[in-house]
Amino acid sequence: KAMVDAGWTTSSLMWLPVVVYGIIGIFWKPLNDLLSHRLRSRKNVIFIALGIQAIGTIPMIVYPSLATNIIQSITVGVGASGIAVFNLMFNEQYAKKKVFLTVTLLSLPPLLAEFFSSVLQCCVTSFIPSGAKGEEYIDIVKYMWVVGLACIVITTICTLFVKEKRGFLYQDNKYKEPINNKWDASVIVLLILAAAVTSFIKFCTSGGTAITELKYIGEHQGISTNAYEGYLSVIFTVGQMAANIITGLFLVKRLNKWTIFSIASGLWVGYAILVASILNVYSRLALNIINGFAFGMTYNLIVGMVMNKFFAKTNKITPVTTYNLGLS
């Protein structure tokens with residue numbers, strides 16, 4: 001309130017919820033590893049994250065505001081950190097040697113969730129009257145958080161039925177490459193930097209940024225883009241899903257990692273040239289699939305390489321967590 005009284009507008013504060021989502025990951029993701037080590041269970045850590053996320057969603061439903069939006073964004077960041085815990089747990093319990101299979105399989109549920117949430121966004125925003133602002137806008141979009149809370153409850157129930165053998169904790173390390181010297185550590189640092197750059201590119205070219213660009217182009221073409229905004233994420237997700245499957249199941253078996261990385265980089269360069277040259281609403285929607293495909297290739301490759309390593313001197317922090325710090 002003090003910031004608004006000082007002259008800040010609501011739109012100029014939109015960066016806050018996104019920033020806190022990233023910041024909480026920097027602190028919470030290492031805590032996931034420490035809790036897993038202390039509790040000797042990754043499943044219990046997932047329950048903790050789900051509980052915190054549920055608690056943070058309720059204020060946003062009851063009283064939508066900038067403050068409650070920041071609270072839910074923090075708790076969503078905590079909940080999202082559970083994805084990496086699921087990855088580690090699945091690999092320890094079932095996959096063992098097949099790291100890229102784990103990455104491919106477990107990258108699909110979040111993408112499906114993103115796909116359906118994008119469809120939900122399309123449906124919800126289609127009910128928003130043209131030019132709606134304030135309470136009229138919030139009264140409609142707040143139902144997305146109601147659906148989110150329902151999904152948290154469903155996820156908690158599903159997790160109850162997931163079997164975890166605690167004796168398998170860290171046992172897949174025997175199939176991985178140890179990090180025990182400066183050269184190995186430098187490789188991890190490079191992978192973290194690559195993860196950070198990859199995440200930076202994604203957030204600069206998709207999501208809210210892509211929607212803002214689409215609105216700008218629509219205004220100059222005289223087209224209302226409200227009905228199309230949610231499809232940007234859908235199209236990006238379709239491209240990412242296709243890339244995850246193709247990379248994880250086929251390309252890693254036939255091409256070396258640098259070749260795959262080069263192809264993904266080339267696709268991103270091509271995408272950047274095309275979107276800078278073609279300023280059309282429908283072309284922008286179609287081109288977004290290239291963006292998603294390039295990100296999917298890069299993401300799958302890097303996270304697979306990171307998951308295939310472990311710190312030889314400690315189990316308290318995993319390379320996957322250091323990778324996720326780069327993403328945050």
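## What you're looking at

Since the model is predicted, local features need pLDDT of at least 70 and side-chain atom pairs count only at pLDDT 80 or more, while totals for chains, interfaces and linings use all residues. Residues are numbered from 1 along each chain as its sequence is written, and side-chain values use heavy atoms, with hydrogens and water left out.

The protein chain has a mean pLDDT of 83, with 94% of its residues at 70 or more. Confidence is lowest in helix α1 (residues 2-5), where the mean is 50, and highest in helix α3 (residues 43-62), where it is 93. Helices (H or I, at least four residues) and strands (E, at least two) are DSSP runs, numbered from the N terminus.

## Three salt bridges

Side chains of opposite charge can pair when their charged atoms come close. Here a salt bridge means a side-chain nitrogen of Lys or Arg within 4 Å of a carboxyl oxygen of Asp or Glu, and the structure holds three of them. One joins Arg42 and Glu92, at 2.7 Å from N to O. Arg42 sits in the loop between α2 (15-39) and α3, and Glu92 in helix α5 (residues 82-95), so this pair ties together parts that are 50 residues apart in sequence. Arg42 is buried, at 2% relative accessible area, and Glu92 is buried too, at 3%. Buried means under 20% relative accessible area, exposed over 50%, and partly exposed in between (1.4 Å probe, protein chains only).

Another bridge pairs Lys309 with Glu177, at 2.8 Å from N to O. Lys309 is in strand β2 (residues 309-311) and Glu177 in strand β1 (residues 177-179), 132 residues apart. Lys309 is buried at 16%, whereas Glu177 is partly exposed at 39%. Then there's Glu213 with Arg284, at 2.7 Å from N to O. Glu213 belongs to helix α10 (residues 207-221) and Arg284 to helix α13 (residues 281-307), so that pair ties together parts that are 71 residues apart in sequence. Glu213 is partly exposed at 35%, while Arg284 is buried at 7%.

## Two buried residues

Asp184 is part of helix α9 (residues 182-205). Asp184 is buried yet has no salt bridge: Lys309, the nearest side chain of opposite charge, is 5.6 Å away. For charge, Lys and Arg count as positive and Asp and Glu as negative, with His and the chain ends not counted. A polar atom of the Asp184 side chain does lie 3.4 Å from the backbone nitrogen of Asn180. Beyond its neighbours within four places in sequence, Asp184 is in contact (heavy atoms within 4.5 Å) with Pro178 and Ile179.

Thr247 is in helix α11 (residues 229-254), and at 0% relative accessibility it counts as buried. What does Thr247 touch, leaving aside its neighbours within four places in sequence? Thr247 is in contact with Val252, Ile260, Met297 and Asn300.

## The cysteines

A disulfide is a covalent bond between the sulfur atoms of two cysteines. The rule used here asks for a pair of cysteine sulfur atoms within 2.5 Å, and by that rule the count is zero. Take Cys158: the nearest cysteine sulfur, that of Cys151, is 10 Å away. Cys158 is partly exposed, at 46% relative accessible area, and Cys204 is partly exposed at 35%.

Methods: pLDDT is the predictor's confidence in each residue, from 0 to 100. A polar contact is a pair of N or O atoms within 3.5 Å; within protein, one must be able to donate a hydrogen and the other to accept it, and residues adjacent in sequence count only if both atoms are side-chain atoms.
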